[in-house]
Amino acid sequence: MTNLTRILILAAVVFGVIVAETALSQEQPKTKLAPPQVFQPPFPYSLGILAAGKRTIYVAGQVALNEKGELVGKDDPQAQAQQVFTNMKAVLASAGAKMDDVVKITMIIKNAADFPKIGAVRKDFFKEPYPASTAFIAPLLNPDWLVEIEAVAVLD
């Protein structure tokens with residue numbers, strides 16, 4: 001990589017940060033970060049989020065248990081994802097937050113084949129700018145759980 005290329009990339013990053021800071025100064029609580037030199041896959045998540053706020057909420061990993069502690073949607077990743085996001089929404093609401101305040105989620109998915117099904121449900125709960133996101137394929141504590149998701153939200 002030449003020095004000129006490095007300078008141009010740095011300028012693009014700095015320009016992106018200046019644009020993001022300007023947008024935040026106009027009362028936007030979160031701004032999507034999408035530098036042109038980083039590929040954006042066609043999934044409902046942001047590469048990065050610049051968040052403005054005073055309070056941070058950390059939502060523990062949520063699983064598909066209803067208010068009685070019963071599993072919702074055994075062997076159904078979409079039903080489990082629906083319950084997981086419903087639980088997340090309730091935890092956020094207890095702090096005066098909403099799903100739009102979420103800036104980052106981490107998903108643990110039991111089966112890689114379930115990723116698109118869970119992503120489809122995710123679109124029902126989030127809108128642009130989507131939270132930054134990380135996903136892992138791993139076994140979960142209970143073998144009947146198909147997905148666990150934690151979140152970070154920022155409030156003014």
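**Note on the predicted model**

1. The mean pLDDT of the protein is 86, and 83% of its residues reach 70 or more, where pLDDT is the predictor's confidence in each residue, from 0 to 100. This is a predicted model, in which local features need pLDDT of at least 70 and side-chain atom pairs count only at pLDDT 80 or more, while totals for chains, interfaces and linings use all residues. Residues are numbered from 1 along each chain as its sequence is written, and side-chain values use heavy atoms, with hydrogens and water left out.

2. Confidence is lowest in helix H1 (residues 3–25), where the mean is 44, and highest in strand E4, where it is 98. Over residues 4–8 the pLDDT stays under 50, and the model has one contact for them beyond four places in sequence; a contact means heavy atoms within 4.5 Å. The pLDDT is also below 50 over residues 10–26, a stretch with 13 contacts in the model beyond near neighbours in sequence. Where pLDDT is low, the predicted coordinates should not be read in detail.

3. The secondary structure comes to three helices and six strands, and along the sequence these follow the pattern α-β-β-β-α-β-α-β-β. Helices (H or I, at least four residues) and strands (E, at least two) are DSSP runs, numbered from the N terminus. Of the contacts with a separation of 6 or more, 73% are between residues 24 or more positions apart.

4. Of the 156 residues of the protein, 36% count as buried; buried means under 20% relative accessible area, exposed means over 50%, and partly exposed lies in between (1.4 Å probe, protein chains only). The protein exposes about 9100 Å², of which carbon and sulfur atoms supply 61%. These accessible areas come from the Shrake-Rupley method with a 1.4 Å probe, and for residues only the protein chains shown count as cover.

5. Which residues of helix H3 (residues 115–125) are buried? They are Ile118, Gly119, Val121, Arg122 and Phe125. Seen down the axis of H3, these buried residues fall within an arc of 165°, so they line one face of the helix; the arc is that of the directions from the helix axis to the C-beta atoms. As background, an α-helix has 3.6 residues a turn, so residues three or four places apart point the same way. On the other side of H3, Pro116 and Asp124 are exposed. The cover over the buried residues of H3 includes helix H2 (77–93) and the strands E4 (102–109), E5 (132–137) and E6 (147–155).

6. Side chains of opposite charge can pair when their charged atoms come close. A salt bridge is a side-chain nitrogen of Lys or Arg within 4 Å of a carboxyl oxygen of Asp or Glu, and by this rule the count comes to five. One of them joins Lys32 to Glu128, with the closest N and O atoms 3.6 Å apart. This pair links distant parts of the chain, since Lys32 is in strand E1 (residues 30–33) and Glu128 is in the loop between H3 and E5, 96 residues apart. Lys32 is partly exposed at a relative accessible area of 29%, and Glu128 is also partly exposed, at 45%.

7. The side chains of Asp100 and Lys127 meet in another salt bridge, at 3.3 Å from N to O. Here too the pair links distant parts of the chain, with Asp100 in the loop between H2 and E4 and Lys127 in the loop between H3 and E5, 27 residues apart. Asp100 is partly exposed, with a relative accessible area of 30%, whereas Lys127 is exposed, at 51%.

8. Where does Asp101 lie? Asp101 is in the loop between H2 and E4, and it is buried, with a relative accessible area of 11%. Its side chain meets that of Lys98 in a salt bridge (3.9 Å, N to O), and a polar atom of the Asp101 side chain also lies 2.9 Å from the backbone nitrogen of Lys98. Leaving aside neighbours within four places in sequence, Asp101 is in contact with Val152, Ala153, Val154 and Leu155.

9. Two details of the backbone deserve a look. A cis peptide bond, with omega about -5°, joins Glu128 and Pro129, and Pro129 lies in the loop between H3 and E5. Asp75 has a positive phi of about 65° although it is not a glycine; its place is in the loop between strand E3 (55–62) and H2.

Terms used:
A polar contact is a pair of N or O atoms within 3.5 Å; within protein, one must be able to donate a hydrogen and the other to accept it, and residues adjacent in sequence count only if both atoms are side-chain atoms.
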